[in-house]
Amino acid sequence: MMPEVVLQDIKKPCDGCSITAMRATLTNSSSQLPLAPDTGIHLHHIIFFNQGVKDIVCPEMGERFFGSGDAQWTLRWNSHGDYGYKVKAQDRWDMVVEVMNDGEWEGEVEVRVLFEVDTGMPEVRPVWLDATGCGRSDVDVKSTTEPFEYTTPVWTSTVSGILIDVAAHQHDGGIDMTGYLNGDELCRSTQLYSTQTTEQHISAVGVCKNIGRTRPGDRFWSKARYDPVLHHLTMHHGNPDPVMASMGIYIGIE
């Protein structure tokens with residue numbers, strides 16, 4: 001596994017615009033084509049931080065506004081209303097990325113991030129619920145033989161708006177992650193596994209769209225389930241790698 005890389009002050013797609021969709025992909029540098037599942041190369045995780053805005057959950061850090069992994073899903077904010085993530089000239093972006101190779105394939109790969117942009121869109125704010133709270137997202141595996149769970153700290157809403165997009169990021173072994181609003185189930189983001197290779201990896205995630213509203217005082221949290229019997233954990237040198245349990249809730253501000 002390639003060590004986690006932190007890239008600071010990366011190039012933004014634009015200034016004074018709104019991002020309406022984002023997607024991170026892994027590409028073969030030689031062919032410029034997406035990597036086939038049987039290469040064993042995986043996008044372990046990628047997270048974007050906007051150091052120009054305080055995170056709404058953890059104001060001591062920059063705003064976490066995009067995350068992805070093996071699923072390489074498209075995060076879209078304008079599917080139910082013309083919302084977008086605002087990019088300002090003074091914003092400074094950092095990125096954390098980790099790529100894994102558990103196969104025999106050798107070669108150079110590129111992590112590509114695709115953007116769809118527009119102007120004058122109402123603002124979307126990301127709410128990042130993480131098992132570590134305001135930590136680095138990695139958590140130790142609780143068991144290699146029995147199901148286990150992680151629960152995020154509670155975040156109390158300070159804004160009003162539409163819940164336009166909710167989805168989770170987990171690592172192999174993950175079953176699903178469920179978000180709760182005031183004690184009621186809000187969204188269950190199921191991890192879907194590829195059947196194209198002998199080693200199954202997460203290849204898609206369930207996304208909930210346009211599922212209600214929030215107002216100041218609402219309480220959000222989420223719970224992640226792992227089952228190492230049903231789906232294997234990622235192992236190196238006989239030990240399980242740390243896993244992640246993060247849920248992004250995107251609010252269209254009113």
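Predicted model: local features only at pLDDT ≥ 70, side-chain atom pairs only at ≥ 80, totals over all residues.

Mentor: Residues are numbered from 1 along each chain as its sequence is written, and side-chain values use heavy atoms, with hydrogens and water left out.

Trainee: What makes a set of points a cavity, and what makes one a pocket?
Mentor: On a 1 Å grid over the protein atoms alone, a cavity is a set of points where a 1.4 Å probe fits but cannot get out; a pocket is an open set with protein on both sides within 12 Å along at least five of seven lines. Grid points are joined across faces, edges and corners, and the volume is the space filled by probe spheres set on the points. Across the whole structure, two cavities of 30 Å³ or more are found.

Trainee: What is the volume of the largest cavity?
Mentor: About 140 Å³.

Trainee: What makes a residue part of a lining?
Mentor: It has an atom within 4 Å of a point. For the largest cavity 16 residues qualify, with Gly67, Ser68, Trp73, Trp128 and His169 nearest its centre. Strands E3 (41–54), E4 (62–68), E12 (161–170) and E21 (245–253) each give two or more residues to this lining; strands are DSSP runs (E, at least two residues), numbered from the N terminus.

Trainee: How does the second largest cavity compare in its own terms: which volume and which residues?
Mentor: The second largest cavity holds about 120 Å³. Its lining also counts 16 residues, and His44, Asp70, His169, Gln170 and His171 are the closest to its centre. E12 contributes the most there, three residues.

Trainee: Which residues line the second largest pocket?
Mentor: Among them are Glu4, His45, Phe49, Arg64 and Cys134. The space in this pocket is about 190 Å³, and E3 supplies the largest share of its lining, three residues.

Trainee: Why is E21 called mostly covered?
Mentor: Buried means under 20% relative accessible area (exposed is over 50%, partly exposed in between; 1.4 Å probe, protein chains only). Eight of the nine residues of E21 are buried, so the label applies.

Trainee: How do you know that E21 is paired with E12?
Mentor: Two strands pair if DSSP finds at least two bridges between them. Nine bridges join E12 to E21, antiparallel, so they pair. Isoleucine 162 stands opposite glycine 252 in E21. Strand E9 (residues 124–130) also runs antiparallel to E21, with seven bridges.

Terms used:
Helix = DSSP H or I, 4+ residues; strand = E, 2+ residues; numbered from the N terminus.
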